[in-house]
Amino acid sequence: MKPSSYDVCIIGAGISGLSTAAFLHQQQPDLQLLVLEKSLQPGGAIATYSESGYQAEWGPHGFLDNCEESRTLIGLAGLERDIATAPLREFVRYVCLDGKLRCIPQKPLQILREPLIPWSAKLRVLADLWKKPLEGKPSVDAWVAYRFGTALLPFADAVFTGTYAGDISRLKIDAVMPGVRELEKQNGSVIRGVINKMRATARQRQGEKKGLPAMTSFTGGMAMLPQRLAAGLAAKGNLIYGNGVHDLVRVNDGWRVLAEQGEVSCRHLVLALPVNQCLPLLAGVLPAMPPPLAVVPEARIATVLLGFDASAVIPFGFGYLAPEQEQRFTLGALFSSHMFPGRAPAGRQLLEALVGGRRHPGRLDLADDQMITSVYRDLGQLMALREPPCFTSVLRPRSGIPQLEEGYTDLLAWRNGIHAAHANLHLCGFGWKGIGINDMTKEAWLVALKIRTQALVQEKNAVKGVYF
């Protein structure tokens, strides 16, 4: 690759980098843009597995369709006809309590009617209305116990097991749920804040269709999204694979990017990388602004695939999660063939069980057959799996899930400082401001908008005769 100059250079062809490129092309079609990817394929944490008619995911299994940026991205990728959905109004979730799967209703009033916790604990939840905001940066378990009572801890545990494979005694509420924390501080109560927000949203959305969102994937799996976005870029010569970046150099009018295949100059530099890949790259170029964390802890999970014939009685829904107090081998499981069509051959069913996480990393050291046996035994105690699985496979983790623990909010503040000091340096990616697909696309949209806004200001100043 010969030295060349671009308006924007994006490092990383995961969903963050590809989304940023797609939004930039939409807003500024004539922009000179290049994406550099270290590996030989796009997607980052997104990867779909297919074998013997079974289809599963190494990474995220989908995203909710209530995010405008993600909906726009689907259109830019041309995947509108390839969408597969599992509406929340039809698909329920389960939590393992006292060794049994208990259905969690989708609506708050229905939850209150269910005998999931005693009435005394339900009344304790209302104490949130009088509790002052909890000071400091509490862990999730400390915050939930303070605001709503200890009876809700197993449910909170299940939620954050499902999202972060994390430990609620280490995860920080300000990091994992900043919006809810802001409602608490602004309204003096989470319940009051949610009610006020719902009223404001209802006024803004008068006349719009109401209802619960749907979990969204694609007929060929989640990998279809990055693959389609990447194909468009590669066809135009805007994406180069096998070109890892090893150094960055700040220059007067932008950046020099030193990569395996050569050097690139750019005005705007976007580091669309997982947080732990981003930090080392910045260490040498910004020595005066060291990050408060050198490394963000990660959790890794293995996905154990179990295929069954029609005799297996798998509850209808998304799947289940098991709080730590249940002391089970499996963190939870997705009922994949219920969620999306084509995940298993005709007459077969697929379960994707999750193992490991922040609390039990040692379980990933087990051999595949040991892990499969332990998962099958565990799940067989929760549902009627009358025959042994007719298909098995273990998907070992390719990447870790950033854990938003002690020091993470300080890291975000540091990131804000970086953006303020260097207007043409943009940090986004897995672990920056969230880990979900919708989190990534929202951040990518903001990066593209910031670059577009700066370009408009530059054009306006140039017309006025103001030069930099």
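Buried means under 20% relative accessible area, exposed over 50% and partly exposed in between, with a 1.4 Å probe and protein chains only. Keep that handy for the tour.

You're looking at a predicted model, where local features need pLDDT of at least 70, side-chain atom pairs count only at pLDDT 80 or more, and totals for chains, interfaces and linings use all residues. Residues are numbered from 1 along each chain as its sequence is written, and side-chain values use heavy atoms, with hydrogens and water left out.

Stop 1: Select R415 and E443, whose side chains meet in a salt bridge at 2.6 Å, N to O (a side-chain nitrogen of Lys or Arg within 4 Å of a carboxyl oxygen of Asp or Glu). R415 sits in helix α14 (residues 408-421) and E443 in helix α15 (residues 437-464), so the pair ties together parts 28 residues apart in sequence. Helices here are DSSP runs of H or I, at least four residues, numbered from the N terminus. R415 is buried, at 4% relative accessible area, and E443 also counts as buried, at 12%.

**Stop 2: one within a helix.** Now pick E184 and R181, with their closest N and O atoms 2.6 Å apart in a salt bridge. They are three residues apart in helix α8 (residues 178-187), about one helical turn, and both are buried.

Stop 3: Jump to R170, which forms a salt bridge with D167 at 3.5 Å between the closest N and O atoms. R170 is partly exposed at 36%, while D167 is buried at 9%. Across the whole structure, a search finds 17 salt bridges.

Technical notes:
Helix = DSSP H or I, 4+ residues; strand = E, 2+ residues; numbered from the N terminus.
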